[in-house]
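This report describes the fold of one protein chain. The sequence and structure come before the details.

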Amino acid sequence: MRTKPLTRSSVLDVLRQLIAVPSVNPTLAPHEGQGEGNIATFVNNWFASKGVRSWSDEVAPKRFNAVAQLGEGQGAALVFCAHLDTVSTDGMSIPPFEARCEGNRVYGRGSYDMKGGAAAIMSAMAALALDPPRGKVFAALVADEEYASIGAQHFVAHYKADACVLTEPSEGSLILCHKGFVWAEIETRGRAAHGSRWDLGVSAIGKMGKIVTALEDFDRQQLRRRVHPQVGPASQHSSLIAGGSGLSTYAESCTLKVERRTLPSDSRIARGCFVHRRESENPSAARPAPADLLARRKHRVMPAHCCHFDARQTAAGSGRELLDGCGAICGSRDGHNRLWTDRRRSA
Ligand SMILES: [Zn+2]
């Protein structure tokens, strides 16, 4: 007899197994990332054991989505979406792929972002398979959310749906909009010379210093004053810098990488923003979410969430409603490696 898929222990069991399969994003962390092939295979085998039809889509070389489907009917199609990739394990002080449960918490890479959400989706699909719905329900367990969202882009290009729920961790709140982001790379050029030759050398790092200062001023004086009613202020920061070749050599080049978090109103660079359809029609409304939505669901709405999800891709693809944060599991704010397994928000 099959175990019930939605018990606490059975969902935790799925989560433990997902954490045990490394799926570090290879673009984000080339030194350890292997792509999503192994975890997509695990997901497909797990779905097969529950009587759920599923398959893998190779969205780029060695990058895989796992897709599952229930129902073939003509009714509405609903998508549950989570990403399978994680950030790197650099700096972790615990075994990253050995899930450890302590009280109401689970520790391990991806437990929070977002194998917990993936486990919730897989368990929900297994439960629905016991009593299939009339329309269609897809599980889109996608690749590469942590870098360029190629998995979500591939899914929306190949499947049609009417609504999508993303189960990114949100502490049980609904998230109706989020910021976008833009990454930029700036290079300055100097003139290489021996460190004693002030008359010949020009430091590219010195040039970059002025740019870093100007960007900091722009962030503080301009961007922070541009405030969207739901997602808060725009911002940017200098995230990576590299330059120079030796302590006694004028630096010939310097490279700075900058991240800008954009608002829906940043029309020219608003890539990646997601605004719930009805929110976008009236972004300055005092009420942060549609009244009927709030009345029907006893969820808090997190109006100023600042993360970036696959929401923009799925919203753009379906053109319909999209909600986030409806997952059965909610988490903490402090990183990618800890998950709370109930809705209590104790310290
Ligand atoms: Zn995530």
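Of the contacts in the protein with a separation of 6 or more, what percentage is accounted for by residues 24 or more positions apart? The share is 73% in this predicted model. The protein has eight helices and 16 strands, and 41% of its 347 residues count as buried.

**Nonpolar cores**

The largest nonpolar core holds 49 residues, of which Ile121, Met122, Met125, Ala139 and Leu141 touch the most other members.

Leaving out residues up to four places away in sequence, Ala139 touches Val67, Ala68, Phe80, Ile121, Met122 and Met125. A second core, separate and made of seven residues, has Leu174, Ile175, Val231 and Ala234 among its members.

**A three-stranded sheet**

Three strands form an open sheet in the order β9-β13-β12, and their pairing is antiparallel. Because β9 (180-189) and β12 (235-243) each have a single partner strand, they stand at the edges, and one side of each is left without a neighbour in the sheet. On average, neighbouring strands of this sheet are turned by 20° against each other, direction ignored.

Strands β12 and β13 (residues 253-262) are joined by eight bridges. Within β13, Thr255 is the bridge partner of Ala242. Helix α5 (residues 204-221) lies across β9, β12 and β13 and runs at about 170° to β12.

Technical notes: Residues are numbered from 1 along each chain as its sequence is written. This is a predicted model: local features need pLDDT of at least 70, side-chain atom pairs count only at pLDDT 80 or more; totals for chains, interfaces and linings use all residues. Two strands pair if DSSP finds at least two bridges between them. Helices (H or I, at least four residues) and strands (E, at least two) are DSSP runs, numbered from the N terminus. Axes are lines fitted to C-alpha atoms, for helices over the stretch in contact, and angles run from 0 to 180 degrees between N-to-C directions. Two residues are in contact if their C-beta atoms, placed from the backbone, lie within 7 Å. A residue is buried if 20 or more other C-beta atoms lie within 10 Å of its own, exposed if 12 or fewer, and partly exposed in between; C-beta atoms are placed from the backbone. A nonpolar core is a set of buried Ala, Val, Leu, Ile, Met, Phe, Trp, Tyr and Cys residues joined through C-beta atoms within 7 Å.
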